[in-house]
Amino acid sequence: MNLKRLLLCTDMDRTILPNGNQPEHPEARRCFHEFCQQPEVCLVYVTGRHQALVEQAIIDYALPLPDYAITDVGSKIYYYIDDKVQEMSAWEDQISADWCGQSHAQLKRAFRHIRELTLQEEEKQNRFKLSYYLDLDIDKDEIIAQMAAILHDLGVHASLIWSVDEPMHVGLLDVLPQNATKLHGLRFLQQHLEYETKEVVFAGDSGNDLPVLGSGINAVLVANASEEVRALAQKMASDGGHTTALYLARDDTFSLGGNYAAGVLQGIWHFQPEFRTSLTSIGFQHDL
Ligand SMILES: [Mg+2]
């Protein structure tokens, strides 16, 4: 009996979506799409996007439909069944305790005197996600410290997640329940679906992926990631004693290079040797 299976969890923007400055190999997404058609692969998108923008990306970039989507930086989880999408209410029940009864509106009011914060658009907010833009020339650590002090005084258990939208050249600062990051969402799904940790591979490229990249879950950082994120991911993995669980995709030894979806496939090649035959059969080549 063949027991190999894979819970493939991947960020979207600039991880499988080639919407960064670096080039994408023309075969990379076709290979990714074909790879994900195998019944042994359970595909999870793990993204800062909200559900409608996930759907849009799937259409715009001809991506495979996932089995699950952890959206809004971890504050919502959806499952796909018969081409329909349903929210997992059990996840919202689980994360709601962290905000200790405070509403989205109450938290927004608590931060309104911090002039540097610009509220993101309405569709990027939800009951458990309060999201701001912050200019890149502002000291983000100072702002995050101010916000953390306010949250502490309110008794709210929150994660403050910083990321950079490089094409827009703006910082993204998300206030989430402490247990509603991409990492917590992924752990919840792993447990819910009864996958062992060795059966999970995560792929990402930027700041809101760091909690997973440094967590000890087998994870690949795509080659188009910035030097800053590469250094932070390596430091987190090293500090946590998880260096073997972090793979940095490379540009030089694989026929499709290491950017975007090709980098994700490299991670699978590295962590899941039992899938190498199927990778080779769809045209993914290791050149060494
Ligand atoms: Mg990304």
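Two strands count as paired here if DSSP finds at least two bridges between them. Helices (H or I, at least four residues) and strands (E, at least two) are DSSP runs, numbered from the N terminus. With that in hand, there is an open sheet of four strands in the order β6-β7-β9-β8, with antiparallel pairing. The model is a predicted one, in which local features need pLDDT of at least 70 and side-chain atom pairs count only at pLDDT 80 or more, while totals for chains, interfaces and linings use all residues. Residue numbers start from 1 along each chain as its sequence is written.

On to the details of this four-stranded sheet. Its edges are β6 (118-119) and β8 (158-165), and each of them pairs on one side only. β6 runs antiparallel to β7 (residues 130-134), joined by two bridges, and L119 sits opposite Y132 in β7. Between β8 and β9 the antiparallel pairing extends over eight bridges, with V164 having G171 in β9 as its bridge partner. These two strands make a hairpin with four residues between them, and H169 in the turn shows a positive phi of about 55 degrees.

Helix α5 (residues 140-154) packs on this sheet and touches β7, β8 and β9 (170-177), its direction making about 155 degrees with that of β8. Contact here means that the C-beta atoms of two residues, placed from the backbone, lie within 7 Å. Angles run from 0 to 180 degrees between N-to-C directions, with axes as lines fitted to C-alpha atoms, for helices over the stretch in contact. Helix α5 includes A145. Is A145 buried or exposed? A145 is exposed, because it has 11 other C-beta atoms within 10 Å; the cut-offs are 20 or more for buried, 12 or fewer for exposed, and partly exposed in between, with C-beta atoms placed from the backbone.

There is also an open sheet of eight strands, in the order β5-β4-β3-β2-β1-β10-β11-β12, and its pairing is mixed. β5 (84-87) and β12 (246-248) have a single partner strand each, so one side of each is left without a neighbour in the sheet. On average, neighbouring strands of this sheet are turned by 20 degrees against each other, direction ignored. Four bridges pair β3 (residues 68-71) with β4 (residues 76-81) in the antiparallel sense, and I70 stands opposite I77 in β4. Helix α2 (residues 51-60) packs on the sheet, touching β2 (41-46), β3, β4 and β5, at about 125 degrees to the direction of β3. Helix α8 (residues 227-239) lies across β11 (219-221) and β12, and runs at about 155 degrees to β12.

Now for the domains, whose bounds come from an automatic or database domain assignment. That assignment gives domain 1 (6-92 + 180-281) and domain 2 (96-177). The contact between them takes 15 residues from domain 1 and 16 residues from domain 2.

Finally, the nonpolar core, meaning a set of buried Ala, Val, Leu, Ile, Met, Phe, Trp, Tyr and Cys residues joined through C-beta atoms within 7 Å. The largest one has 80 residues, of which L8, V44 and L265 touch the most other members. Helix α9 (residues 260-271) supplies the largest share of this core, eight residues. Leaving aside neighbours within four places in sequence, L265 is in contact with C31, F32, F35, L279 and F284.
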